[in-house]
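Work through the following exercises with the sequence and the structure at hand. Try each task before reading its solution.

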Amino acid sequence: MLTKSILEDLGAKLITGDVEVIDLSGRLGPETPILQLPPDFAKNTPQVEIHKISEYDEDGPFFAWNWLKLGEHSGTHFDAPHHWITGKDYADGYTDSISPQNFVAPVNVIDCSAEAAENPDFLLTADRVKAWEADHGPINAGEWVVMRTDWYHRNTDTAKFLNVDEKGPHSPGPSVDCIEYILSKGVLGWGNECIGTDAGCAGGMQPPYPAHNLLHAANRYGLASLANLDKLPPKGAILIAAPLKIANGTGSPIRALALVSAA
């Protein structure tokens, strides 16, 4: 009965606006920035395409609809464990086999926006996470941890968003010990506002790309290209991040949402 009361109270607060729904997703379309890998390293995801089928015309007089061409890891998206070689053997590591219970959970928002503004290569370390916990409370098992950098303000400009020069990409993300530490806390997953879950310089880390390598080895999840994390409190919000139920999907674009008290 208590659970029923809680859900009824939540429903009422959603209707009155006492609980606000925050959109954490970027706009998905042909201008959406897409990760670009060296051509001698891997094949790239194509740009998003939206093609009209009909719009109240001879191809469909009463309706409008489109067909899409897009990669699983385009725009604001969910990384499933099977996305990375370290997570390839999990039977529940695909977007269609993950328990839906894991798509809704509390979220911890670590504000690194000041540091990222000063240094696009800023890395969030385990010590910095522990200092955040000292101020805001512990990160608990089954929760998300996301890194606020305000990088999403760049997501309408591919060059600024990818931020690549002759030395490679420059974007903030987690250090190896950061991912190791949050995994030791039993987190559900990790999220970033940049093109991927790792920092731009993560290829040179040991192991390389720790957010991918270590998270998916632990059967945990990643969120990339998040937006509007500056609208969330450090603790107390609920994150909803549900991928499409793609057959054997390694990831999916999502409409990530957060429930936040308006008080």
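**Exercises on strand pairing and helix packing**

In this predicted model, strand E5 (residues 104-111) and strand E7 (residues 144-148) run parallel and are joined by five bridges.

**Exercise 1.** Find which residue in E7 is the bridge partner of Ile-110, and which strand runs antiparallel to E5.

*Solution.* Begin with E7, where Ile-110 has Met-147 as its bridge partner. Then turn to strand E13 (residues 237-240), which runs antiparallel to E5 and is joined to it by four bridges. Within that pairing, Ala-105 stands opposite Leu-239 in E13.

**Exercise 2.** Determine how helix H3 (residues 126-136) and helix H5 (residues 176-184) are oriented to each other.

*Solution.* Two packed helices are described by the angle between their axes and by the distance between the axes. For H3 and H5 the angle is about 45°, and the axes lie 7 Å apart. Angles between 35 and 65 degrees count as oblique, and H3 and H5 are therefore oblique to each other. At the contact, Ala-126, Val-129, Lys-130 and Glu-133 in H3 meet Asp-177, Cys-178, Tyr-181 and Ile-182 in H5, a set with five nonpolar, three charged and no polar residues.

**Exercise 3.** Decide where the buried residues of H3 sit around its axis.

*Solution.* First list the buried residues of H3, which are Ala-126, Val-129, Trp-132 and Glu-133. Because they cover an arc of only 115° around the axis, they are on the same side of H3. These buried residues pack against E5, strand E6 (123-124) and H5, whereas the face turned away from them carries the exposed residues Asp-127, Ala-134 and Asp-135.

Methods. Residues are numbered from 1 along each chain as its sequence is written. This is a predicted model: local features need pLDDT of at least 70, side-chain atom pairs count only at pLDDT 80 or more; totals for chains, interfaces and linings use all residues. Side-chain values use heavy atoms; hydrogens and water are left out. Two strands pair if DSSP finds at least two bridges between them. Helices (H or I, at least four residues) and strands (E, at least two) are DSSP runs, numbered from the N terminus. Axes are lines fitted to C-alpha atoms, for helices over the stretch in contact, and angles run from 0 to 180 degrees between N-to-C directions. Angles under 35 degrees count as roughly parallel, over 145 as roughly antiparallel, 65 to 115 as roughly perpendicular and the rest as oblique. Contact means heavy atoms within 4.5 Å. Ala, Val, Leu, Ile, Met, Phe, Trp, Tyr, Cys and Pro count as nonpolar, Asp, Glu, Lys and Arg as charged, and the others, Gly among them, as polar. Buried means under 20% relative accessible area, exposed over 50%, partly exposed in between (1.4 Å probe, protein chains only). The arc is that of the directions from the helix axis to the C-beta atoms.
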